[in-house]
Amino acid sequence: MAKKANELRLELLVGRRVYDVDHRVVGRLEEFRATREDDEWVISEFDIGRAALLERLAIRHLGWLPGRRPAGYRARWDQIDLSEPDRPRLTVPIEALKTLRRR
Amino acid sequence: MDEPLRLVRNVLDKQIYDANDVRLGKVDGVVLLSRQGRPPRVIALVSSMPTAWRRLSPRLGDWIERFQRWLAPDLRVGTRIRFEHVVHTGIDVNVDIDGTKTDAFVWENWIRKTFVEKMPGGTGSGEKGE
């Protein structure tokens, strides 16, 4: 099946490490949140990190997450650059992302 | 505003049912379209063996695709269903199209015609006494 140049494959992006503007790992891409705009579905947000993984697996209530770092982040579509699908990176400082709530 | 649709949790790897409740396969992939200055658009669901294997190993996926083309060069390798046809997601994914008008069954039909029907008793329905 031929792949067009501007096509992205969600199944290959899931689990990819996301890097911040200083090339440090923020977490892995775990969820893609889509919303309907007129007659098309678009990606509005991405969930990154361990909390997002637990939520995706629907076991968040079991998830005790050690450490002081936030367990996950939610990034708007324009806060992640997917031009290199093997190496997604933030376009903004990590502080600009929404933090996913810890349990 | 509606709750966002979670594509990994509620779409990827889910069973696809057509408008007649016939199973068309699993959602092995989701195609997105990257656009300059606009959010990526969700284009289509993909159900195909190379797509599924490519998640494990891109090289293995490419090999399976080449093998399928070698086996049956005329057959399409996978099924793409435009995302506009998705009417429900969750435990399963329901689409509003007739699966028989897609490429979902080309490999089943090819295997039936090429192998199964050539075996003794291969043309019956499988019922006892046929």
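1. Basis of the note. The model is predicted, so that local features need pLDDT of at least 70 and side-chain atom pairs count only at pLDDT 80 or more, while totals for chains, interfaces and linings use all residues. Residues are numbered from 1 along each chain as its sequence is written, and chains are lettered from A and ligands numbered from 1 in the order in which they are written.

2. Chain B as a whole. Chain B has four helices and eight strands, where helices (H or I, at least four residues) and strands (E, at least two) are DSSP runs numbered from the N terminus. Along the sequence these elements follow the pattern β-α-β-β-β-β-α-α-β-β-β-α. The C-alpha atoms of the chain fill a box of roughly 60 × 35 × 25 Å along the principal axes. Of its 130 residues, 31% count as buried; a residue is buried if 20 or more other C-beta atoms, placed from the backbone, lie within 10 Å of its own, exposed if 12 or fewer, and partly exposed in between.

3. The sheet in chain B. Four strands of chain B form an open sheet in the order β3-β2-β8-β7, with mixed pairing; two strands count as paired if DSSP finds at least two bridges between them. Because β3 (23–26) and β7 (86–88) of chain B stand at the edges with a single partner strand each, one side of each is left without a neighbour in the sheet. Neighbouring strands of this sheet are turned by 35 degrees against each other on average, direction ignored, with axes taken as lines fitted to C-alpha atoms, for helices over the stretch in contact, and angles running from 0 to 180 degrees between N-to-C directions. Within the sheet, β2 (residues 15–17) and β8 (residues 92–95) of chain B run parallel and are joined by three bridges, and B:Q15 has B:D92 as its bridge partner in β8(B).

4. The side of chain B that touches chain A. In total, 25 residues of chain B are in contact with 25 residues of chain A, contact meaning that the C-beta atoms, placed from the backbone, lie within 7 Å. The elements of chain B that give two or more residues to this side are β1 (5–6), α1 (7–10), β4 (29–35), β5 (38–47) and α2 (49–56), and β4(B) gives the most, with six residues. By type, the residues of this side divide into 14 nonpolar, five polar and six charged; Ala, Val, Leu, Ile, Met, Phe, Trp, Tyr, Cys and Pro count as nonpolar, Asp, Glu, Lys and Arg as charged, and the others, Gly among them, as polar.

5. Pairing across the chains. Strand β3 (residues 25–37) of chain A is joined to β1(B) by two bridges, and the two run antiparallel. Here A:A34 stands opposite B:L5 in β1(B).

6. The nonpolar core. Such a core is a set of buried Ala, Val, Leu, Ile, Met, Phe, Trp, Tyr and Cys residues joined through C-beta atoms within 7 Å. The largest has 44 residues, of which A:L10, A:I48, B:L7 and B:V30 touch the most other members. Not counting residues up to four places away in sequence, B:V30 touches A:L10, A:E11, B:L7, B:V11, B:L12, B:V42 and B:L45.

7. Two residues with positive phi. A:D38, which is not a glycine, has phi near 55 degrees and lies in the loop between β3 and β4 (40–49) of chain A; it counts as exposed because it has 5 C-beta neighbours inside 10 Å. B:D13, also not a glycine, has a positive phi of about 75 degrees and is placed in the loop between α1 and β2 of chain B. With 14 C-beta neighbours inside 10 Å, B:D13 counts as partly exposed.

Methods. Two residues are in contact if their C-beta atoms, placed from the backbone, lie within 7 Å.
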